[in-house]
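Work through the exercises below with the model open beside you. Try each task before you read its solution.

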Amino acid sequence: MSFPVFFLLFPLVIVPIIIHLISRRKLKKIDFPSLLFIVKNDARLIRWFRLKRIFLLIIRIGFIILLILAAANLKIPFAFFSPLETLIVDKSPSMGRIEIKGKKTLIVPTSSGIPQFFSYLKKRPIGILITDAQRNGFREILKEGEKFPGIRIKKASFPEGNLGIVGASAGPTFEEEKFVINFKILNEYKEKKKTRLILKTERKILKEESEILKVGENLLSFELNLRKGLYQLSLELEDEKGFGFDNKFYFVVSVQKKKNICILSDAYPERLIAALSASYFEVKWVKETADVRGDFFFVCDVNEKDELDLLRNASPGIFCLQGEKNTSISNKVPDRISTIVEGSPLNGSLHLKNLSEIPVRYNCLITEGETLMYFENGDPFISKIKNHLILPISLEKNDISLHPVFIPFLFSLINSLSEGTNSRNILLDEPLEIKSSAEPQIISPEGDKYKPYRVGENNYIFKETKECGIYRITDGNTIIGLAAVNTHPSESRLESLSDEELKYIFGGKGFENGAVFFLFIALLFFVLSLFLERKI
Amino acid sequence: MELLKPEVLEKIRTLNLRAKIIVKGFLTGLHESPYHGFSLEFKQHRPYHKGDPINKINWKLYARTERFYLKKYQAETNLSALLLLDKSNSMGFGEKISKFHYARTLAASLAYLLLQQNDSVGLVLFDSKIESFIPARSKMNHLKHLLGTLSKNEPSGKTSISDAIFQLLPLIKKRSLCILFSDLLEEPGKVIKIINVMKAKKHEVIVFHILDRKELDFSFQDESLFRDMEDSKTIIVDPKSLKVLYKNKFNQFISSYRNGLAPKRIDYFQVITDIPYDKALTEYLEKRKRLS
């Protein structure tokens, strides 16, 4: 960090000039008879004496300037002795593996593979940072407008291009039904690239084909038909020149038995039926409570107490409350509008992107059950009582049913109440939530065994997802879940900060703190001045 | 000995008293009378006049003639000394005592001593030319004249020993002992040449090279503006850096005088202004003995 306020001391350079002039004026005068021994023969020396006085003046001025520069800790474009400097290494996947020996080295922690520069550099504002300056790690710094002038950047280069699998998604996966898995593949080369793709489970290759990938994002779909069960899939591609970490993508699929869904509603639930039918469910509409059957049920616009009797039903279901004043689980409130807070730490399965974009109108306040998601104002959005979810909105009449997020949202709600919820697709460092009646055990892709933290009744959390691959969750004997861990999609991008941005954040590429350097030069000047004055 | 230190004696105002103290102190320390070897010679009788000292009456002649006669002696003056004192500006150098003041006191002391011994003493004050010339006389009251001239003069003018002596040579009629008091700040070759001329004219020459300690060791500390005492040239000098070079050149300068004067048996005495006068007088006495 520089301290430009010290530049205010620059007028002090006039001090040696004044001393020079005064000393010249006050020079001791000596009448001497034998001057001929000096004058006649030592003209060169006399010239040197005159020059020496000028040298001394320059050195003294320089000495003061150097002291000011040292106090201001001005930057210099090269490294000088700096014992306090720390080597900070970006160890994100895009940096590959870096071996640093012999110097105090600190590794920048990552989340989802993205380095956490902001908080880390704030704690250690002086040092050398080795990084590829990939944009994703600096978003927070740029957003906050923070500067780290004490950090010198050693920029690691990117490969010339990269093919990387950055995401996957699957539609409803039911037994005896074909389903589609979509993979998103990034081509960061400047031209189309042909690559070989292999989709396989743990034991056998499902698909193997060559594809030409256009520049940018490519969406590849694989149609599969699998029996009921838990599958650990992986898609591999060939890319020797690009990053290696994103050439393989892991994905977990839970193929379930096809569900029968019953919707209890006075009016025909047009939107719900359309959405659920599109998701390969067998949907049936009933008007009477007594007629409710099936693997799963929806109760639309609950406003009578007898409809709440279904809470005692053994099969899971979702209640959309209208909010009668005297129902035992809700209170009538005036119309409220709020957005939904994304991501509840206790219910990862309900983590739905883009849900927060929709302002939701609701008119009742759920007072019972475990709240899984909230509105932004703190009111409950989804509560859970046994194996039933309670929502304070009408899924049929609310605007949410017109939004593209509606079908994934419904699917997510149904999945969260279904068996096999321990199957997850997560990012590096993302906590893995586990529901288990017995104490579970986690087996990492490398075969290491871990025990997750218990955070509630039958709820556990595992935070050590430090490597890409499939984490297996067992109850001691059998596998009760799988988790596929991959890096963040942005880590595959060859997008680094521009020189201007680097200069803005770090105060110029390759510039070092110059305090020690300027002090050293000032010391040399001081010694030189003593030498010229013959004091040493 | 302490009393004969130049800085102590300098506090005594009159040159006469200073010279007396030096000579008496010097003689006391010597334990040997400088009068040995010098005698007085009878010249004639003269009648006694009122006021003449009674002890000078020749009683034997009174017994024969019954008249009072006094013996009249003629001093045996076997030496004519000429004190040549350089009064140029460069002789004014010195911190506690200047070279000129030292040389002046030394010359006065020698004059006193010589006159005590009935030698005749003359004085020449010069810079680049002769400023004062007092012919040699042996009378004691001549001392007043000498000391008066010495007291009146202060350093001035440029040094040119060769020119001054060249001018002086025709004025010295008698074979003399020429005692030169000078800092010799002139081209040694020229000075040696003119001294050799003096020697060739049968004069004895003693050279008292008057120097200040600082001229020898150049023991100045701080960078200073040095001004030449004769031509007023100024120059900024760092003494520490020049010291060795200066001393080398100055020693060469002294050596050239020593080596240049020795072959002609010309006595050269280096006198530094912080040494007591008696040492300088001893040098003289040794020389005088040799001459006698």
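**Exercise 1. Find how helices α6 and α8 of chain A are set against each other, and which residues meet.**

Step 1. Take the axes. Helix α6 (residues 270-278) and helix α8 (residues 406-416) of chain A have axes that come within 10 Å and cross at roughly 75°. Axes are lines fitted to C-alpha atoms, for helices over the stretch in contact, and angles run from 0 to 180 degrees between N-to-C directions. Helices (H or I, at least four residues) and strands (E, at least two) are DSSP runs, numbered from the N terminus.

Step 2. Classify the angle. α6(A) is therefore roughly perpendicular to α8(A). Angles under 35 degrees count as roughly parallel, over 145 as roughly antiparallel, 65 to 115 as roughly perpendicular and the rest as oblique.

Step 3. List the contacts (C-beta atoms, placed from the backbone, within 7 Å). From α6(A) come A:Ala275, A:Leu276 and A:Ala278; they meet A:Phe406, A:Ile407 and A:Leu410 of α8(A).

Step 4. Sort by class. The contact has six nonpolar, no polar and no charged residues. Ala, Val, Leu, Ile, Met, Phe, Trp, Tyr, Cys and Pro count as nonpolar, Asp, Glu, Lys and Arg as charged, and the others, Gly among them, as polar.

A note on the model: it is predicted, so local features need pLDDT of at least 70 and side-chain atom pairs 80 or more, while totals for chains, interfaces and linings use all residues. Residues are numbered from 1 along each chain as its sequence is written, and chains are lettered from A and ligands numbered from 1 in the order in which they are written.

**Exercise 2. Describe the side of chain A that touches chain B.**

Step 1. Count. In chain A, 19 residues are in contact with 25 residues of chain B.

Step 2. Locate them. β1 (28-32), α2 (36-39) and α3 (43-72) of chain A each supply at least two residues. β1(A) gives the largest share, five residues.

Step 3. Sort by class. This side has 11 nonpolar, two polar and six charged residues.

Step 4. Check the strands. β1(A) runs parallel to β8 (residues 224-228) of chain B, joined by five bridges. A:Ile30 has B:Phe226 as its bridge partner.

**Exercise 3. Which residues of helix α5 in chain B are buried, and where do they lie around its axis?**

Step 1. Pick the buried residues (20 or more other C-beta atoms within 10 Å of the residue's own; exposed is 12 or fewer, partly exposed in between; C-beta atoms are placed from the backbone). In α5(B) (residues 142-152), B:Leu143, B:Leu146, B:Leu147 and B:Leu150 are buried.

Step 2. Look down the axis. The buried residues of α5(B) fall within an arc of 90°, so they line one face. The arc is that of the directions from the helix axis to the C-beta atoms.

Step 3. Turn to the other side. There, B:Lys144 and B:Lys152 are exposed.

Definitions and conventions:
Two residues are in contact if their C-beta atoms, placed from the backbone, lie within 7 Å. Two strands pair if DSSP finds at least two bridges between them.
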